[in-house]
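Good morning, colleagues. Please look at the sequence and the model on the screen while I go through the helices, the charged pairs and the surface.

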Amino acid sequence: MTASVKRRVVRAGGWGLVKRLIKPIPIIGSIFAVALAGYEIKKKGLLPGALHVGLDITPVVGTAKNVIEIFTGDWIPDKPSANGAAVNTPQLARNTPQLKAAGS
């Protein structure tokens, strides 16, 4: 059972990374953003989601926004879920494990 959960987490993280890498490509990214418009609007809310999709489909602005978001995370946050916490979205790790020096 743990292998199944681990597999799902890896797939979800991989899909998030693929979405972030495809969106900055001008024409393909615009098509991809339009295809995911309903998902983004549901996740972020009507106006923030529409703004997010509108920025993503604009060729130069969307490319710049998505390249920056690869490193900084979403500029337009997700709407709070029913329990009050923001919807969990896969993010790149912000902190990396530090190697310990020998003898410490």
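Let me begin with helix α5, residues 59–72. Its 14 residues, at 1.5 Å a residue, should span 20 Å, and the C-alpha atoms at its ends are 20 Å apart, which agrees. The expected span is 1.5 Å times one less than the number of residues in the helix. Helices here are DSSP runs of H or I with at least four residues, strands are runs of E with at least two, and both are numbered from the N terminus.

A word on the basis of these values. This is a predicted model, in which local features need pLDDT of at least 70 and side-chain atom pairs count only at pLDDT 80 or more, whereas totals for chains, interfaces and linings use all residues. Residues are numbered from 1 along each chain as its sequence is written, and side-chain values use heavy atoms, with hydrogens and water left out.

Which residues of α5 are buried? They are G62, K65, N66, E69 and I70. Buried means under 20% relative accessible area, exposed means over 50%, and partly exposed lies in between, with a 1.4 Å probe and protein chains only. Seen down the axis of α5, the buried residues fall within an arc of 140 degrees, so they line one face of the helix; the arc is taken from the directions from the helix axis to the C-beta atoms. V60 and F71 are exposed on the other side of α5. After α5 comes G73, with a positive phi near 95 degrees.

I turn now to the charged pairs. Side chains of opposite charge can pair when their charged atoms come close. A salt bridge is counted when a side-chain nitrogen of Lys or Arg lies within 4 Å of a carboxyl oxygen of Asp or Glu, and by this rule the count comes to five.

K65 takes part in a salt bridge with D56, where the closest N and O atoms are 2.8 Å apart. K65 is buried at a relative accessible area of 3%, and D56 is buried at 4%. K65 also meets E69 in a salt bridge, at 3.2 Å from N to O. Both K65 and E69 belong to helix α5 and are four residues apart, about one turn of the helix.

A further salt bridge joins D78 to K44, with 2.9 Å between the closest N and O atoms. D78 lies in the segment after α5 and K44 in helix α3, residues 37–44, so the pair ties together parts that are 34 residues apart in sequence. D78 is buried, with a relative accessible area of 11%, and K44 also counts as buried, at 3%. K44, D74 and D78 are linked in a network of salt bridges.

Next, the chain as a whole. How many helices and strands does the protein chain contain? There are five helices and zero strands. Of its 104 residues, 27% count as buried. Among contacts (heavy atoms within 4.5 Å) between residues at least 6 apart in sequence, 45% join residues at least 24 apart. The chain exposes about 7,600 Å², of which carbon and sulfur atoms supply 71%.

Finally, the surface. I25, I27, I28 and I31 form a nonpolar patch with about 410 Å² of accessible area together. Accessible areas come from the Shrake-Rupley method with a 1.4 Å probe, and for residues only the protein chains shown count as cover. Patches are made of residues with over 30% relative accessible area and no salt bridge, like charges being joined within 9 Å and nonpolar side chains (Val, Leu, Ile, Met, Phe, Trp, Tyr) within 5 Å. I31, found in helix α2 (residues 26–35), is exposed at a relative accessible area of 57%.
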